[in-house]
Amino acid sequence: CQYWKKASDPNCDSERYTLYMEWARFLRFYKEQPLDLIRKYYGEKIGIYFAWLGFYTEMLFLAAVVGLICFLYGLFTVDENMSSKEICDPAIGGEIIMCPLCDRDCEYWRLNTTCVSSRYSHMFDNVATLFFAIFMGIWVTLFLEFWKRQQARLKYEWDLVDFEEEQLQLQLRPEYEAKCTQKKRNPVTQETEPYLPLTSQAVRFCISGATVLFWVSLIIASMIAVIVYRLAVYAAFASLMENTQTLEPISGLLTPQLATSVTASCLNFVIIMILNFFYERIAIWITDMGKQGYLLEGKTCKESLKIPLNTIKVFRAVVLNSGTVGACDPAGCLIEMTTQLTIVMAGKQIWGNIQEAIVPWICNWWGHRKARNNPENLYSRWEQDHDLQTFGALGLFYEYLEMVIQFGFITLFVASFPLAPLLALMNNILEIRVDSWKLTTQYRRPVAAKAHSIGVWQEILNGMAILSVVTNAFIVAFTSDMIPRLVYYYAYSENEDSPMSGYINNSLSVFQISDFPERNEPNKNPENFVICRYRDYRYPPDHERKYLHTMQFWHILAAKLAFIIIMEHVVFIVKFFVAWMIPDVPADVKAKIKCEKYLTQKILHEYELEKLKERLCQGDNGATEKEFIATEGRMELSRAM
């Protein structure tokens, strides 16, 4: 039937109409998905995707609530943050002269010009950051373990137990079968199949590996290009904001550091989208060129090639500006990383929804423009459906890829942005309805296919879950300002009444302006400053160990490394304990599977026993007493099992 009206035949179930009315409309976002109907209409492969997406979205609700609470904690404690108070205080931050952030063209500046950004930084860089990083390490384990249980239940209910091993692994890819000229006998199926010689496989493997290395090198080159951009444009932004009177009212909010970070983030996003266009085609080309023989191998190859490239993109896009390049705000580097993550994550989600919803609609509108006003007897329903967009063999691959990259954002770097799960939750609520709407209204009905799991994506998610513990530990240790503050609080504070007072002054080293090399010395020094401050832990110019690292620097470094080791071990122990405690298959499902196997064996053995009895009654000499006893023994064994 048409998706907007029921079929004229009263005997038709009008499944497409039901899916559109109850599933593919945004106003139905609060309803559970009709998974059994999705499976019946589109097949198990698409059904398992929507089951996973729905379960992922439900689990995001808990992470979003906890992340929002952590963000609100930072918001409500901004006024209590001693670092921001000292930076914003004219008597403290206003008297501290900071060194220029670039050579020659940049000028000296006062610390209190970063007052607003330091207050924003506290919203994300506070004690709740550590708690949320540990919580997400446990949450991701709970999500993956509970999904295994849900997947096992669906596998049983949809009659997919042991499906892949029996069928999918033995299906040849049509592209492979068409291109291979040599053949040999398959030892499993005993049938003649296309065959690729070992030498040809080795050559193709080398070419594939070289291609992947080239594109990884291109990612590194683009990272270096953005670093050069940051270094080059900072001076331009500083000069522009100083000399442009119209920007004076917002100079406290829009600092040269923030302007550089935002524009670099936007540049990163553009580079990601451009490279993504090429990665998709390269992954397909390598799969076809490598000639993976079986459907499962081909699917795994495409996914395995695409994920490393996208993972590197995510790392580059987020970590690039997180304090490792250029100078950070004196209140900490985490605000730059948060800015980067927000722009890239929100930009990809918005662009993805535009591509998924608007582009197919425009293509269909343009394709139907001539026949739109024709009566149905001239432009039948099946012709209208045939003219819709084709979902394609890789349609579901891109859906999974989009969600797995999002999963990387909310796990690998969540310590820097506790609102990431909330953004992902809102996007996924929309994503489910957008995907269902486009499948029901804008695409031809895909050919149904079986799948008993989400496949190789499960292993990719497991890898990200383990990697997320490491990345978040490093973010808290090296990007957040929490460890230096704790070291100062317990070891270097001299004020018992207010232990964090004096932290900003303690974290800034002194530089004598006359020590600037001539090629680096700023062009202007109108107030004839003698010294300036910079963010580091080094001895002052009058010390015998001039400009070398102080003992406090090494104490902080040791504390950071110790924190990483302790956090990783604690979270890993909890993760593995939780994974061990939660069985992959629910007890009732396991019992039902065993019961079905027992009943199947019992029926077969009873049938065999009846046949033997018939042969005995007919006087068949071949039906010996030993056969009879052996059959009864197998039945007893079946009961015992």
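**Exercise 1. Classify two aromatic pairs and locate them in the chain.**

The structure, a predicted model, holds 39 aromatic pairs, where rings of Phe, Tyr and Trp (its six-membered ring) pair if their centres lie within 6.5 Å, and where planes under 30 degrees apart count as stacked, over 60 as edge-to-face and the rest as tilted. In this model local features need pLDDT of at least 70 and side-chain atom pairs count only at pLDDT 80 or more, while totals for chains, interfaces and linings use all residues. Residues are numbered from 1 along each chain as its sequence is written, and side-chain values use heavy atoms, with hydrogens and water left out.

*Solution.* Begin with phenylalanine 55 and tryptophan 147, whose ring centres are 5.8 Å apart with 45 degrees between the planes, a tilted pair. Phenylalanine 55 and tryptophan 147 are buried, a term for under 20% relative accessible area, as against exposed for over 50% and partly exposed in between (1.4 Å probe, protein chains only).

Then take tyrosine 400 and tryptophan 457, which form a stacked pair at 5.7 Å centre to centre and 20 degrees between the planes. Because tyrosine 400 belongs to helix H14 (residues 395-412) and tryptophan 457 to helix H16 (residues 456-479), this pair ties together parts that are 57 residues apart in sequence. Tyrosine 400 and tryptophan 457 are both buried.

**Exercise 2. Describe the surroundings of glutamine 2.**

*Solution.* Glutamine 2 sits in the segment before helix H1 (15-22). Its relative accessibility is 6%, and therefore glutamine 2 counts as buried. Finally, its side chain makes a polar contact with the side chain of glutamine 384 at 3.1 Å; such a contact is a pair of N or O atoms within 3.5 Å, of which, within protein, one must be able to donate a hydrogen and the other to accept it, and residues adjacent in sequence count only if both atoms are side-chain atoms.

Conventions
Helix = DSSP H or I, 4+ residues; strand = E, 2+ residues; numbered from the N terminus.
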